[in-house]
Amino acid sequence: MEFEPVKLNEFEELARKILLKKNYDFFRGGAEDEYTLSENIKAFQRILFRPRVLIDVSKIDMSTSLLGFKMAAPIMVAPTAFHKLAHHEGEVAVARAAAACNAIMVLSFSSNCTIEEVASSCDAVRFFQLYVIKQRDVSMKLVKRAESNGFKAIVLTVDRPRLGRREVGLKNKFVIPKFANLEGLLSVNVKSKGGSDLKALPSATLDDAVSWKDVEWLRSSTKLPILLKGILTAEDARKAVEAGVAGIIVSNHGARQLDYVPASISALEEVVRVVSGAVPIILDGGVRRGTDVFKALALGANAVMIGRPIIYGLAAKGEHGVKQVIEMLQNELELTMTLNGCPGLKDITRNHVQTENDRLR
Ligand code: FNR
């Protein structure tokens with residue numbers, strides 16, 4: 001270990017030194033020109049604070065709940081694929097760290113540890129991220145396994161009809177590992193179509209025909225609440241609410257799917273406006289600082305999720321590294337609330353931030 005990180009981004013530096021280049025590139029990369037990848041970070045930097053003073057901030061309460069489940073802070077672990085490429089303990093280490101921080105983890109469909117391994121690693125509230133794939137019965141089997149293993153919600157990712165074109169992966173001839181959760185379940189290996197990691201990724205793990213009808217199908221087949229991940233417009237947010245989902249995740253998949261979509265923080269407000277409190281809204285994409293978390297909350301999100309920083313913490317120091325990443329972000333949020341004059345999450349308002357649009361008015 002060369003230095004002790006004092007901010008999330010420094011875990012990336014450590015991870016870059018430790019990981020095989022092709023694995024680091026897989027985690028870091030975005031689609032095509034990576035415009036959205038850099039926007040996810042830059043858009044947060046264009047939002048400024050309007051702090052209030054002379055408010056008693058001697059006690060800060062960051063605790064909250066989502067769908068009735070308590071969390072230490074409005075910070076969750078986003079579903080990201082193949083954690084064993086970062087550390088041999090994989091998703092089990094992340095699950096333990098998240099549980100220790102009282103943060104909800106969303107386990108990826110594309111995990112290296114199975115649903116069962118993660119469920120038996122420790123007690124915690126966890127959600128399962130699902131793709132609806134060509135073999136609907138296989139997707140449904142995963143939902144049933146998530147249910148019977150105590151997962152509390154299904155996060156249905158809807159922005160991946162095909163894989164985005166991730167050119168670093170193409171250059172590195174990156175080969176996607178096996179999908180542990182699908183072991184023994186897929187009966188076909190249909191020829192690949194489009195996307196970057198072609199040779200390795202069986203198109204059986206995708207379906208470009210998925211539609212709103214499948215949301216209805218999923219809703220009628222499970223009692224678990226369903227959150228839709230990958231909503232970026234008011235139009236789709238309205239449809240999601242009409243479809244009866246329990247929550248919306250404003251996300252551009254960490255800029256790995258369609259390039260030149262706005263940063264998710266830039267898309268947040270239009271979603272917040274149309275949803276108007278009907279269901280909780282979570283944001284992910286580029287959250288690296290407690291100040292970013294605060295900005296997302298001020299613009300109307302109920303919570304945020306972090307993707308890459310978790311992987312980098314895992315690569316750098318295993319379970320302990322993930323715990324450090326989450327705690328660091330929680331501590332930064334606490335300080336941001338203090339300095340903005342907000343003792344509780346309910347005290348954070350739209351007036352505490354000034355966006356670029358506000359400045360143009
Ligand atoms: C992802 N993401 C993702 N999303 C999902 O629904 N299922 C998945 O399996 C994955 N896998 C995945 C792998 C890697 C390496 C990355 C970086 C991202 C997207 C993820 O859930 C989340 O939307 C972003 O990671 C959030 O952006 P940041 O925090 O990484 O900037």
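**Entry 1: the whole chain**

Helices and strands here are DSSP runs, a helix having at least four residues and a strand at least two, and they are numbered from the N terminus. By that count I found 13 helices and twelve strands in the chain. I note at the start that this is a predicted model.

I looked up the overall dimensions next. The C-alpha trace spans about 65 × 50 × 40 Å along its principal axes. For 361 residues, a compact globule would have a radius of gyration near 21 Å, and the 19 Å of this chain agrees with that.

How much of the chain is buried? I read that buried residues make up 57% of the 361 residues. The chain exposes about 15600 Å², and carbon and sulfur atoms supply 51% of that area.

I then checked contacts between residues at least 6 apart in sequence, and 74% of them join residues at least 24 apart. For charges, I have 49 positive and 42 negative ones, and their mean positions are 2 Å apart.

**Entry 2: helix H1**

Which residues of H1 are buried? In this helix, residues 8–18, I listed Leu-8, Glu-10, Phe-11, Leu-14 and Ala-15 as buried. They cover an arc of only 150° around the axis, so they lie on the same side of H1. I looked for what they pack against and found helix H12, residues 308–340.

**Entry 3: helix H3**

I repeated the search for H3, residues 35–45, where Thr-36, Leu-37, Glu-39, Asn-40, Ala-43 and Phe-44 are buried. Their arc around the axis is only 165°, which puts them on the same side of H3. Against what do the buried residues of H3 pack? My list has helix H2 (21–28), H10, strand E10 (281–284), helix H11 (290–298) and H12.

**Entry 4: positive phi angles**

Most residues other than glycine have a negative phi. I looked up two residues with a positive value.

Asn-102 has a phi near 55° and is not a glycine. I located Asn-102 in the loop between helix H4 (90–100) and strand E5 (105–107).

Not counting residues up to four places away in sequence, Asn-102 touches Lys-70, Met-71 and Ala-72. Lys-70 is 32 residues from Asn-102 in sequence, while their C-alpha atoms are 8.1 Å apart in space.

Tyr-260, also not a glycine, has a positive phi of about 70°. I found Tyr-260 in the loop between strand E9 (247–250) and helix H10 (264–275). Tyr-260 has a relative accessible area of 51%, and the cut-off for exposed is over 50%, so I wrote Tyr-260 down as exposed.

**Entry 5: Arg-350**

Where is Arg-350? I found Arg-350 in the loop between H12 and strand E12 (353–354). At 26% relative accessibility, I recorded Arg-350 as partly exposed.

Which residues does Arg-350 contact, leaving aside neighbours within four places in sequence? I noted Glu-269, Ala-298, Leu-299, Thr-355 and Asp-358. I also looked up the separation from Asp-56, which is 294 residues away along the chain, and the two C-alpha atoms are separated by 20 Å.

Conventions. Residues are numbered from 1 along each chain as its sequence is written. This is a predicted model: local features need pLDDT of at least 70, side-chain atom pairs count only at pLDDT 80 or more; totals for chains, interfaces and linings use all residues. Side-chain values use heavy atoms; hydrogens and water are left out. Buried means under 20% relative accessible area, exposed over 50%, partly exposed in between (1.4 Å probe, protein chains only). The arc is that of the directions from the helix axis to the C-beta atoms. Contact means heavy atoms within 4.5 Å. The radius of gyration is taken over C-alpha atoms; the globule rule is 2.2 Å times the number of residues to the power 0.38. Accessible areas come from the Shrake-Rupley method with a 1.4 Å probe; for residues, only the protein chains shown count as cover. Lys and Arg count as positive and Asp and Glu as negative; His and the chain ends are not counted. The place of a charge is taken as NZ of Lys, CZ of Arg, CG of Asp or CD of Glu.
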